[in-house]
Amino acid sequence: MQKITDIEQLKTIAKDVRRDILSMIYEAGSGHPGGSLSATDFLTVLFFKYLNHNPKNPKDNNRDRFILSKGHCCPVYYSLLARTGYFDVNELMTFRKLNSRLQGHPDKSKFDLMETTSGSLGQGLSIAAGIAFALRLDNNPAKVYCLLGDGELNEGQVWESLATINKYNLNNLIIIIDNNHIQLDGTNKDIKDLEPLQKKFFDFGFNTIMADGHDMVQIMSAFENALNSSNEGKNNIIIFNTVKGKGVSFMENTAEWHGKAPNKEQFQRAIEELR
Ligand SMILES: Cc1ncc(C[n+]2csc(CCOP(=O)(O)OP(=O)(O)O)c2C)c(N)n1
């Protein structure tokens, strides 16, 4: 796949992805806009610039693997799969419809180009660690990227995986946290505060990189930093500080838009803002 390195081009794609997210959720009448919009900028950079993948041969054994542990945010994932060429963009409008491949959470049994089914929070990192271990046993140099929500870190299984990744030094795995500070019905601070996150990850043996998840330059240097450090044999986590609902003024920084579809008027307003 041809990589895109131009920042203005990446910003334009991110806008298209945001419009896809809103259109899919509006058309379906349900879905999760908040955490999809917060992850749009850094995932656009990942899918178009850093991830080594081949949409023409999705199961290419040399592909980097991407695991969306916070599976409810699949609108951004589906949009990026379509826009990088895995399937037609028009298929996005079947999101959450009966018999569609694009279910409300990624379903590998319907869509075999995914690495795994996800949606039950806390499990994706264990799967990613297993894949990273297997790649290493096969002497396969591919990387594994795993995206978790910051609320998802409340799941104990995540911390078991971190201990395992540290024990086996699975430095071919790059963990990404979408640190938007809000989960389903409130802030992390009010629900189960895990700050200071960077210190906790450090104590678990990780090189932890922190960056603004909406600044393309910072996003790129975070990925470069993680890849260099991974090649030097360290375990890496990138914390992207983000805004839940980013790009749509009335969705920003609120739990209200974690998992709700806009009505017609709200949808039109949102699309207008993203023009
Ligand atoms: C095991 C499990 N418990 C509860 C849920 C319901 N749930 C879906 S999303 C969510 C909040 C996730 O918050 P966060 O990880 O911060 O996601 P983001 O803000 O990025 O959308 C919850 C509790 C779930 N999917 N899985």
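A residue is buried if 20 or more other C-beta atoms lie within 10 Å of its own, exposed if 12 or fewer, and partly exposed in between. By that rule Arg96, with 19 other C-beta atoms within 10 Å, is partly exposed. The model is predicted.

**Ligand shell**

- The ligand is surrounded by 22 residues, and the closest are Gly35, Gly149, Gly151, Glu152 and Gln183.
- By class, 13 residues of the shell are polar, five are charged and four are nonpolar.
- Helix α2 (residues 34-38) supplies three residues, the largest share of the shell.
- Gly149, one of the closest residues to the ligand, also belongs to the set of buried residues in β2.

- Strand β2 (residues 144-149) is mostly covered, with six of its six residues buried.
- Val144, Cys146 and Leu148 point one way from β2, while Tyr145, Leu147 and Gly149 point the other way.
- β2 pairs with β1 in the parallel sense over four bridges, and Leu147 of β2 stands opposite Leu68.
- β2 also runs parallel to β3, to which six bridges join it.
- Within that pairing, Asp178 in β3 stands opposite Gly149.
- From β2 the chain passes through α6 to β3, and this β-α-β crossover is right-handed.

**Helix α6**

- Helix α6 (residues 156-167) has twelve residues and reaches 17 Å from its first C-alpha to its last, close to the 16 Å expected at 1.5 Å a residue.
- Val158, Ser161, Leu162 and Ile165 are the buried residues of α6.
- Seen down the axis of α6, these buried residues fall within an arc of 105°, so they line one face of the helix.
- An α-helix has 3.6 residues a turn, so residues three or four places apart point the same way.
- Gly156, Ala163 and Lys167 are exposed on the other side of α6.

- Strand β4 (residues 207-212) and strand β5 (residues 236-241) run parallel and are joined by six bridges.
- Asn207 has Asn236 in β5 as its bridge partner.
- Together, β4, helix α9 (residues 216-231) and β5 form a right-handed β-α-β unit.
- α9 has 16 residues and reaches 23 Å from its first C-alpha to its last, close to the 22 Å expected at 1.5 Å a residue.
- Among the residues of α9, Ile219, Ala222, Phe223 and Ala226 are buried.
- These four cover an arc of only 95° around the axis, which puts them on the same side of α9.
- Val217, Asn228 and Asn231 are exposed on the other side of α9.

**Backbone geometry in loops**

- Glu195 and Pro196 are joined by a cis peptide bond, with omega about 0°.
- Pro196 is found in the loop between α7 (188-192) and α8 (197-203).
- Arg96 has phi near 65°, a positive value in a residue other than glycine.
- The loop that holds Arg96 runs between α4 (74-83) and α5 (124-137).
- His181 has phi near 70°, also a positive value in a residue other than glycine.
- His181 is found in the loop between β3 (173-179) and α7.
- With 17 C-beta neighbours inside 10 Å, His181 counts as partly exposed.

- Val45 is found in helix α3 (residues 40-50) and is buried, with 24 other C-beta atoms within 10 Å.
- Val45 and Met216 are 171 residues apart in sequence, and their C-alpha atoms are 7.6 Å apart in space.
- Ser79, in helix α4, is buried, with 28 other C-beta atoms within 10 Å.
- Ser79 and Thr44 are 35 residues apart in sequence and 9.7 Å apart in space, C-alpha to C-alpha.
- Gly71 lies in the loop between β1 (65-68) and α4, and with 26 C-beta neighbours inside 10 Å it counts as buried.
- The C-alpha atoms of Gly71 and Pro106 are separated by 6.1 Å, although the two residues are 35 residues apart along the chain.

Terms used
Residues are numbered from 1 along each chain as its sequence is written. This is a predicted model: local features need pLDDT of at least 70, side-chain atom pairs count only at pLDDT 80 or more; totals for chains, interfaces and linings use all residues. A residue is near a molecule or strand if its C-beta atom, placed from the backbone, lies within 6 Å of it. Helices (H or I, at least four residues) and strands (E, at least two) are DSSP runs, numbered from the N terminus. Ala, Val, Leu, Ile, Met, Phe, Trp, Tyr, Cys and Pro count as nonpolar, Asp, Glu, Lys and Arg as charged, and the others, Gly among them, as polar. Two strands pair if DSSP finds at least two bridges between them. A crossover is right-handed if, with the strands pointing away from the viewer, the path from the first strand over the helix to the second runs clockwise. The expected span of a helix is 1.5 Å times one less than its number of residues. The arc is that of the directions from the helix axis to the C-beta atoms.
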